[in-house]
Amino acid sequence: MAWSASQYVKFEDERTRPARDLLAQVPLESVRHAVDLGCGPGNSTELIVGRFGAAGVSGLDSDADMLRAARERLPGTPFVQADLAAWQPEEPADLLFANAVFQWLPNHLDILDRLMDGLAPGGVLAVQMPDNLNEPSHLMMEETAQAGPWRDRFEKSVRRNPLPPPSVYYDRLAPKSARVEVWHTIYNHPMESAGAIVEWVKGTGLRPYLHAAGPEHRDAFAADYLARIEKAYPPLSDGKRLLRFPRLFLVAVRK
C-alpha cells in the first residue's frame, strides 16, 4: 500500500508543527550524524538541516514516492530506502529523529529500545506519534467500516494498535538513558470544512480503510465517512471545523 507525497503535503504546515516542537526539545548544540527516520517528503529533514546544517544529516523512508519528494526538496541530502523494523545505523548517531512514523509499527517499543543502542553517548532519540485513535476522526472510520456493503472487507481489523501509556515508554528506555522526557500535546487545527478533515486523513489514517474497501467501494466509503465527520465536527462561528489532534512526544538521551 503505497503512500502519496502530494496528498501528505496538502496539510504540510499542520503536519510539520509537531516536528518543530519536537526538535525544539532536542538538547544538542551540534550533530555529526543525524538521521530522520520515516522522513516522508523531507519536511522534517529540512528542519534538522536548518538547525544543524546539512553535513551529516540524512533521511530514511520505506516509500519510494516519499523519497522522490524528499530528494526534490533537499537535493544535497542523502535519502535511503529502508525498513525501520530492521534498520540500524552503521555508525553511532548523535540524533535519531522520528516524526509520526512509529505508530504504524506494532512492535515499536522493541525498535526504540534497539535504536537506543545505535546512539553515541549523549545522543538523542526524539520521537513524535499521533495518539488520536479515540478521536472522532478515527472512531468514524470504524463506524463507516461496519456500515456498508464493504463490511466483510473489515472482518480483519485495519485499525492500528493504540499507543501504550507514557509510563511504558519511560520504563522501557530509562535503563539506557541519562534522561527521558515523555509528554502529550493536543493541537486544535481550524479546518476549512469537514471535507478538509477527510482530505487530511486520506494522507494517513484513512489510507488502510480505503485500500481495504477496494476501488469498487472507495468513493461510497469516503462519502459515508464524510457524512459522519460533518456531524462529529460541527461548524465554528466562521464556518470552520476544529480538528482536535493529541500527539505523544518522547526524548531520550543515551547514557
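Guide: Let's start with a word you'll need: a residue is buried if its relative accessible area is under 20%, exposed if over 50%, and partly exposed in between (1.4 Å probe, protein chains only). The model here is predicted, so local features need pLDDT of at least 70 and side-chain atom pairs count only at pLDDT 80 or more, while totals for chains, interfaces and linings use all residues. Residues are numbered from 1 along each chain as its sequence is written, and side-chain values use heavy atoms, leaving out hydrogens and water.

Visitor: Okay, what share of the 255 residues in the protein chain is buried?

Guide: Buried residues make up 52% of them.

Visitor: Where is Asn43 found, and what does its side chain join up with?

Guide: Look in helix H3; helices (H or I, at least four residues) and strands (E, at least two) are DSSP runs, numbered from the N terminus. The Asn43 side chain makes a polar contact of 2.9 Å with the side chain of Thr16. For that term, think of a pair of N or O atoms within 3.5 Å; within protein, one must be able to donate a hydrogen and the other to accept it, and residues adjacent in sequence count only if both atoms are side-chain atoms.

Visitor: How many helices and strands does the protein chain have?

Guide: There are 10 helices and seven strands. The C-alpha atoms fill a box of roughly 55 × 40 × 40 Å along the principal axes.

Visitor: How do I read a strand like S1?

Guide: Side chains in a regular strand alternate between the two faces of the sheet. In S1, Ala34 and Asp36 point one way while Val35 and Leu37 point the other way, and all of them are buried.

Visitor: Which strands pair with S1?

Guide: Pairing takes at least two DSSP bridges between two strands. S1 pairs with S2 (residues 57-61) in the parallel sense, over four bridges, and Val35 sits opposite Ser58 there. S4 also pairs with S1 in the parallel sense over four bridges, with Leu95 as the bridge partner of Ala34.

Visitor: And which residues of helix H5 are buried?

Guide: H5 covers residues 108-116, and seven of its nine residues are buried: His108, Leu109, Ile111, Leu112, Asp113, Leu115 and Met116. They pack against several elements, including S1 (34-37), S4 (93-99) and helix H7 (166-173).

Visitor: What about the largest nonpolar core: how many residues does it have?

Guide: A nonpolar core is a set of buried Ala, Val, Leu, Ile, Met, Phe, Trp, Tyr and Cys residues joined through side-chain atoms within 4.5 Å. The largest one here has 43 residues, and Leu95, Leu206 and Phe221 have the most contacts inside it. Helix H8 (residues 194-202) gives the most to this core, with six residues. A second, separate core has 28 residues, among them Phe102, Ile111, Leu115 and Leu250.

Visitor: Last stop: where is Ser157 placed?

Guide: Ser157 is in the loop between helix H6 (136-145) and H7. Its side chain reaches the backbone nitrogen of Arg159 at 3.0 Å. Now find Tyr209: Ser157 and Tyr209 are 52 residues apart in sequence, and their C-alpha atoms are 9.3 Å apart in space.

Definitions and conventions:
Contact = heavy atoms within 4.5 Å.
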